[in-house]
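Subject: Structure handover

Hello,

Here is the structure for your files. My notes on it come after the model.

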Amino acid sequence: MDEVVFGVVDKPVYVRRDGRGLFEELLNTGRWESLICGRMDAGAVMGHHYHHHTIVAFFLLEGRSRIVTVDVGTRARHEYEIRAGQGFI
């Protein structure tokens, strides 16, 4: 499996815009078993649970999001903000 780098995905890895339209390759590493698309209302909160071993990738099409991670072993807490056109692994 490709090595996955965790953290903010600043922009798609490849973008092609031409007469046919727009194509964006968001990620090109890792082995993904699930892909979920959704929409959340402003102010909504998701999460407040943990996974023993799971890699989750988010990519925002519009808006902004604050992501908080907590290491359940060390209790180390990190906060990140991402905006439309960015993601997080």
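Predicted model: local features only at pLDDT ≥ 70, side-chain atom pairs only at ≥ 80, totals over all residues.

Residues are numbered from 1 along each chain as its sequence is written, and side-chain values use heavy atoms, without hydrogens or water.

Strands S2 (residues 14-18) and S3 run antiparallel and are joined by five bridges; strands here are DSSP runs (E, at least two residues), numbered from the N terminus, and two of them pair if DSSP finds at least two bridges between them. Two residues lie between S2 and S3 in this hairpin, and Asp 18 stands opposite Gly 21 in S3.

Buried residue. Phe 88, in strand S7 (residues 87-88), has a relative accessible area of 7% and therefore counts as buried (under 20%; exposed is over 50%, partly exposed in between, with a 1.4 Å probe and protein chains only). Leaving out residues up to four places away in sequence, its contacts (heavy atoms within 4.5 Å) include Val 9, Phe 58, Ile 67 and Tyr 80.

Surface. Met 46 is in the loop between S3 (21-25) and S4 (58-59) and is exposed because its relative accessibility is 55%.

Backbone. Arg 75 is not a glycine, yet has a positive phi of about 70°. Most residues other than glycine have a negative phi. Arg 75 sits in the loop between S5 (64-70) and S6 (77-83) and is exposed at 60% relative accessible area.

Regards

Terms used: Helix = DSSP H or I, 4+ residues; strand = E, 2+ residues; numbered from the N terminus.
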